[in-house]
Amino acid sequence: MTPNPVRPAQRSEVPAIAALWVALLESHAALDPVFALRSGAPAALEAELRRALADADTALFVADAEGFIAGFCAARFERSRGLVRESCRAEITELVVEPTARRRGFGRALADAAFSSVIWYLFLA
């Protein structure tokens with residue numbers, strides 16, 4: 001693994017990220033049919049990724065294994081509407097590593113990047 005394989009996703013990588021996302025959902029569907037993809041879903045996932053890249057409240061990261069997208073992570077931020085003491089929340093909505101790239105630290109590096117983006121969003125934005 002390269003020293004810092006994780007970086008923000010780029011628009012040109014949307015097809016590769018969408019393919020990983022489809023693979024993730026297909027593996028979920030094998031466990032529970034509720035996750036089965038509908039017709040046209042891969043194209044819709046690409047459109048969703050393009051929207052996410054333009055959204056200031058979403059962070060997308062890729063694990064770059066020397067030009068090969070080995071994984072991706074999506075994090076979503078939400079500011080509180082002031083009804084509770086919680087001021088903001090964040091969640092990792094998707095995280096997947098290509099099966100051939102697993103057990104090499106990419107998943108942890110992606111989660112760490114998402115966590116760092118949460119800290120930036122909460123305290124520096």
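Two strands count as paired if DSSP finds at least two bridges between them. By that rule, strands S1 and S2 pair, because three bridges join them. The model described here is predicted. The protein has three helices and four strands. Along the sequence they follow the pattern β-α-α-β-β-β-α.

**Overall picture**

- The protein has 125 residues, and buried residues make up 36% of them.
- The accessible surface comes to about 8000 Å². Carbon and sulfur atoms hold 55% of that surface.
- Take the contacts in the protein with a separation of 6 or more: residues 24 or more positions apart account for 55% of them.

**The sheet**

- Four strands build an open sheet. Their order is S1-S2-S3-S4, and the pairing is antiparallel.
- S1 (6–8) and S4 (88–97) stand at the edges. Each has a single partner strand, so one side of each is left without a neighbour in the sheet.
- On average, neighbouring strands of this sheet are turned by 25 degrees against each other, direction ignored.

**Strand pairs, one by one**

- S1 and S2 (residues 58–65) run antiparallel and are joined by three bridges. In this part of the sheet, Val6 stands opposite Ala63 of S2.
- S2 and S3 are also antiparallel, with eight bridges. Asp64 has Ile69 in S3 as its bridge partner.
- S3 and S4 run antiparallel too, joined by nine bridges. Gly71 stands opposite Val97 in S4.

**The S2–S3 hairpin and its turn**

- S2 and S3 form a hairpin, with two residues between them.
- Glu66 sits in the turn, in the loop between S2 and S3.
- Glu66 is not a glycine, yet its phi is positive, at about 55 degrees.
- Is Glu66 buried or exposed? Its relative accessibility is 73%, so Glu66 counts as exposed, the cut-off being over 50%.

**A second residue with positive phi**

- Arg103 is found in the loop between S4 and helix H3 (106–123).
- Arg103 has a positive phi of about 70 degrees, although it is not a glycine.
- Arg103 is exposed, with a relative accessible area of 86%.

**Ala74, a buried residue in the sheet**

- Ala74 belongs to strand S3.
- Ala74 counts as buried because its relative accessibility is 6%, and buried means under 20%.
- Which residues does Ala74 contact, leaving aside neighbours within four places in sequence? They are Ala59, Leu60, Glu91, Ile92, Thr93 and Glu94.
- Ala74 and Glu91 are 17 residues apart in sequence. In space, they are 8.5 Å apart, C-alpha to C-alpha.

- H1 covers residues 14–31. H2 covers residues 41–54.
- Two packed helices are described by the angle between their axes and the distance between the axes.
- H1 and H2 pack at an angle of about 120 degrees, with their axes 9 Å apart.
- Why are H1 and H2 called oblique to each other? Their angle is about 120 degrees. Roughly perpendicular ends at 115 and roughly antiparallel starts over 145, so H1 and H2 are oblique.
- H1 passes H2 in a right-handed crossing.
- From H1, the contact is made by Val14, Pro15, Ile17, Ala18, Trp21, Val22 and Leu25. From H2, it is made by Pro42, Leu45, Glu46, Glu48, Leu49, Arg50 and Leu53.
- H1 also packs on the sheet, where H1 touches S2, S3 (68–79) and S4. The direction of H1 makes about 80 degrees with that of S3.

**Ala18, a buried residue in H1**

- Ala18 lies in helix H1 and is one of the residues in the contact with H2.
- Ala18 is buried, with a relative accessible area of 3%.
- Not counting residues up to four places away in sequence, Ala18 touches Glu46 and Leu49.
- Ala18 and Ala43 are 25 residues apart in sequence. Their C-alpha atoms are 8.3 Å apart in space.

Definitions and conventions: Residues are numbered from 1 along each chain as its sequence is written. This is a predicted model: local features need pLDDT of at least 70, side-chain atom pairs count only at pLDDT 80 or more; totals for chains, interfaces and linings use all residues. Side-chain values use heavy atoms; hydrogens and water are left out. Buried means under 20% relative accessible area, exposed over 50%, partly exposed in between (1.4 Å probe, protein chains only). Contact means heavy atoms within 4.5 Å. Axes are lines fitted to C-alpha atoms, for helices over the stretch in contact, and angles run from 0 to 180 degrees between N-to-C directions. Accessible areas come from the Shrake-Rupley method with a 1.4 Å probe; for residues, only the protein chains shown count as cover. Angles under 35 degrees count as roughly parallel, over 145 as roughly antiparallel, 65 to 115 as roughly perpendicular and the rest as oblique. A crossing is left-handed if the near helix is turned anticlockwise from the far one by less than a right angle, and right-handed if clockwise.
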